[in-house]
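Please read it alongside the sequence and the coordinates shown below.

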Amino acid sequence: MKVELLSHTPSKELLNALPTSEVPEREFMGHLGFTFAIEGISRACSHQLVRHRVASYSQQSQRYIQVKRLQERVVTPPSVVEKDGEEFNEFIRGASEAYQRLIESGVPKEDARFVLPNAAQTSLLMTMDGGSLMHFFGLRLCERAQWEVRVMADEMLKQVRGVEPELFDNAGPYCVQLGKCPEGRFSCGKIREMKKKYSGP
Amino acid sequence: MNLRLLASTPAVETLIATAMLTTTSGAAPSTLFHRLSGEPAKVVDVVGHLEVQHGSILEHNRLSWLLEAEEGEVLKVLLKNRFFSFTRLGSRSWLLSANLRTVVEYQAEGDEFGRMLLESIREVAPSVNANRRPVA
């Protein structure tokens, strides 16, 4: 997986151009844009990503891009490697062969892709405003979030903190942002560790 | 009504070209972006083919303006397009932001505000400004 912040609205440039500095921070965040290149994540991960609707996505299309060497372009969850990597690899081999056979027999890419697994890698461009990004961090940095999207969110947070440390000082999972866990009985109970992990620079 | 662009995400048109090529080429978006950053003529060429692409590729940016307008004028804008974000700064003063897709879609209204929006992007998105392509 690779995450790169390609472009963002410099907050100081906007603040300095405003006739007043009295803009509520939460509202101000909504006027800032952040664009990331996200590469080599699974389709399972990108499905979760696009559930964040106040954002824009441009994803590699399986209708237009033929998948080559699927076995080399899958994301294998650590639990699978640990428990039964061979079963997983065998399935990927089978899916790859079926896909190639369908393509060779003249099935269009947009239909042949139906046999591709959620493990298939994808890359995309994603743009979010600062407020939506804080919400994204609140949900996807939580211990309950899926491991892959959490790794991705972690990297995104590092990068936005690199360019806008003050704006994202309070960023982290919702327990860090709110000071209490909103997950109710599903709470991991690790609020102290999370606060330590995500406390600003 | 008065409109002034205050800030924008840098490299607006390079990002549009990156988004266009990301969907249809196997290259990684970061590779495309860095390659295109050194090829301004290629960016103009790719963005020139905008009409065959989905409008969402215009969304990878954020533009922020200072707007001087009456409440009624702001309401009119919002009723025509709900994708603008407004923050009130004073009785006739507003911080306004949107992405380029919203700008392009709104300017098709052909009213005074649409003309001001289009004029305001002349420097940050010159090809889009010149082409004013319809959004699919």
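## Elements and extent of chain A

Helices and strands are here DSSP runs, numbered from the N terminus: helices are H or I runs of at least four residues, and strands are E runs of at least two. On that basis, chain A of this predicted model contains nine helices and four strands. Read from the N terminus, the order of the elements in chain A is β-α-α-β-α-β-α-α-β-α-α-α-α. The C-alpha trace of chain A spans about 65 × 40 × 25 Å along its principal axes.

## Domains of chain A

Chain A is divided into two parts: domain 1 comprises 2–61 + 120–198, and domain 2 comprises 70–115. Their C-alpha centres are 31 Å apart. Five residues from domain 1 of chain A and four residues from domain 2 of chain A form the contact between them. On the side of domain 1 of chain A that touches domain 2 of chain A, there are two nonpolar, two polar and one charged residues.

## Confidence

For the complex, the predictor reports an ipTM of 0.92 and a pTM of 0.93. Chain B has a mean pLDDT of 91, with 94% of its residues at 70 or more. Among the elements of chain B, the highest mean pLDDT, 98, belongs to helix α2 (residues 29–37), and the lowest, 87, to helix α7 (residues 126–131).

## The interface between the chains

Across the interface, 34 residues of chain A are in contact with 31 residues of chain B. On the chain A side, β1 (2–8), α1 (11–17), β2 (33–42), β3 (55–59) and β4 (121–129) each supply at least two residues. By class, the residues of the side of chain A that touches chain B comprise 13 nonpolar, 15 polar and six charged.

## Helix α1 of chain B and its partners

Two packed helices are described by the angle between their axes and the distance between the axes. Helix α1 (residues 12–24) of chain B packs with α2(B) at an angle of about 135°, the axes being 9 Å apart. Angles from 65 to 115 degrees count as roughly perpendicular and those over 145 as roughly antiparallel; α1(B) and α2(B) are therefore oblique to each other. Their crossing is right-handed. α1(B) contributes B:Thr14, B:Ala17, B:Thr18, B:Leu21 and B:Thr22 to the contact, while α2(B) contributes B:Pro29, B:Leu32, B:Phe33, B:Leu36 and B:Ser37. These residues divide into six nonpolar, four polar and no charged.

α1(B) also packs with helix α3 (residues 40–47) of chain B: the axes come within 9 Å and cross at roughly 60°. That angle makes α1(B) oblique to α3(B), and the crossing is left-handed. The contact involves B:Glu13, B:Thr14, B:Ile16, B:Ala17, B:Met20 and B:Leu21 of α1(B), together with B:Val43, B:Val46 and B:Val47 of α3(B). Seven of the contact residues are nonpolar, one is polar and one is charged.

Helix α5 (residues 100–107) of chain B and helix α6 (residues 112–120) of chain B have axes 8 Å apart and pack at an angle of about 135°. α5(B) and α6(B) are therefore oblique to each other, and they cross in a left-handed sense.

From α5(B), the contact takes B:Val103, B:Tyr106 and B:Gln107, and from α6(B) it takes B:Gly114, B:Leu117 and B:Leu118. The residues of the contact of α5(B) with α6(B) are four nonpolar, two polar and no charged.

Note on methods:
Residues are numbered from 1 along each chain as its sequence is written. Chains are lettered from A and ligands numbered from 1 in the order in which they are written. This is a predicted model: local features need pLDDT of at least 70, side-chain atom pairs count only at pLDDT 80 or more; totals for chains, interfaces and linings use all residues. pLDDT is the predictor's confidence in each residue, from 0 to 100. Two residues are in contact if their C-beta atoms, placed from the backbone, lie within 7 Å. Ala, Val, Leu, Ile, Met, Phe, Trp, Tyr, Cys and Pro count as nonpolar, Asp, Glu, Lys and Arg as charged, and the others, Gly among them, as polar. Axes are lines fitted to C-alpha atoms, for helices over the stretch in contact, and angles run from 0 to 180 degrees between N-to-C directions. Angles under 35 degrees count as roughly parallel, over 145 as roughly antiparallel, 65 to 115 as roughly perpendicular and the rest as oblique. A crossing is left-handed if the near helix is turned anticlockwise from the far one by less than a right angle, and right-handed if clockwise. Domain bounds come from an automatic or database domain assignment.
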